[in-house]
Amino acid sequence: MSETERAAPRARIVERRSHADYTGGVYGSMLAASVIVGVGTLGAYPLLELVLLLLLTGVAFWIAHVHAQLFGARLAQQSLDRRTVLHVCRDEWPIVKAAVPPAVAVAVSPLLGLDISGALWLALTVAVAGQVGWSAAAARRAGASWLLVTVAASVNLLLGLLIILFKLLLKH
């Protein structure tokens, strides 16, 4: 195998990463934060239920986004094949990835001595931090100036603080 042939897969990976879309990560982080805010009374195993709720909500919305991409915009433009389906699944996967850190925060909260309220606040903080991080990464990957990266992160921080305000206003 020639050097060019060996470099081709690496070049595709670099190309895919350079065109990565972090929208799903920002969206997934906001979704996770909203799930945390919306959690009312949990049952007998509140931490396990919240971990599962975060992960399963991420998966459900990932499926919804994949479906919308495949049968909405893409179907009108091209026929579906295995490559297209896998491409869309991969592109939308950050929605699920964004639910993992808040779920992990909930799972480790007992090790930190947190009760359910503390676990919710920790998970919400992690989700908002993820939202800010995904937006900054998206802006940076798009080649934005540091000023625009800061603006993107700041706007997402404000959105996250709005979600936190909702949590403060909603008493379960």
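Tyr 27 is partly exposed in this predicted model, with a relative accessible area of 31%. Its ring pairs up with that of Phe 61, and a search of the whole structure turns up two aromatic pairs. The fold around them is helical: eight helices and zero strands.

**Aromatic pairs**

- Tyr 27 and Phe 61 make a tilted pair, 6.2 Å centre to centre with 50 degrees between the planes.
- This pair ties together distant parts of the chain, with Tyr 27 in helix H2 (residues 23-38) and Phe 61 in helix H3 (residues 46-77), 34 residues apart.
- Phe 61 also counts as partly exposed, at 31% relative accessibility.
- Trp 62 and Trp 93 have ring centres 5.0 Å apart and planes at 85 degrees, so they count as an edge-to-face pair.
- Here too the pair links distant parts of the chain: Trp 62 belongs to helix H3, while Trp 93 sits in the loop between helix H4 (82-92) and helix H5 (94-97), 31 residues apart.
- Trp 62 is buried at 17% relative accessible area, whereas Trp 93 is partly exposed at 38%.

**Charges over rings**

- Arg 140 places its charged end over the ring of Trp 146, 4.2 Å from the ring centre.
- Lys 167 does likewise with Trp 121, its charged end sitting over the ring at 5.2 Å from the centre.
- Lys 167 also turns up among the buried residues of H8.

**Overall fold**

- Reading from the N terminus, the elements go α-α-α-α-α-α-α-α.
- The protein has 172 residues, and 33% of them count as buried.
- Among contacts with a separation of 6 or more, 71% are between residues 24 or more positions apart.
- The accessible surface comes to about 10300 Å², and carbon and sulfur atoms account for 68% of that.

**The nonpolar core**

- In soluble globular proteins, nonpolar side chains tend to be buried together.
- The largest nonpolar core here has 18 residues, and Ile 36, Leu 50, Leu 54, Val 106 and Leu 124 have the most contacts inside it.
- Elements giving two or more residues to this core are H2, H3, helix H6 (100-108), helix H7 (116-141) and helix H8 (146-169).
- Leaving aside residues up to four places away in sequence, Leu 50 touches Val 39, Leu 42, Val 106 and Leu 120.

**Ala 127 and its neighbours**

- Ala 127 is found in helix H7 and has a relative accessible area of 1%, so it counts as buried.
- Not counting residues up to four places away in sequence, Ala 127 touches Ser 29, Ala 32, Ala 33, Ile 36 and Pro 102.
- Ile 36, one of those partners, is also among the core residues with the most contacts.

**Helix H8**

- H8 has 24 residues, which at 1.5 Å a residue should span 34 Å; its end C-alpha atoms are 34 Å apart, so the two agree.
- The buried residues of H8 are Val 149, Ala 153, Asn 156, Gly 160, Ile 163, Ile 164 and Lys 167.
- H2 and H7 are included in what covers those buried residues.

Conventions
Residues numbered from 1 in each chain as written. Predicted model: local features only at pLDDT ≥ 70, side-chain atom pairs only at ≥ 80, totals over all residues. Heavy atoms only, no water. Phe/Tyr/Trp six-rings, centres within 6.5 Å; stacked < 30°, edge-to-face > 60°. Helix = DSSP H or I, 4+ residues; strand = E, 2+ residues; numbered from the N terminus. Buried < 20%, exposed > 50% of the residue type's maximum accessible area, 1.4 Å probe, protein only. Lys NZ or Arg CZ within 6 Å of the ring centre and 35° of its normal. Contact = heavy atoms within 4.5 Å. Areas by Shrake-Rupley, 256 points an atom, 1.4 Å probe, with all protein chains shown as cover. Core = buried A, V, L, I, M, F, W, Y, C linked by side-chain atoms within 4.5 Å. Expected span 1.5 Å × (residues − 1).
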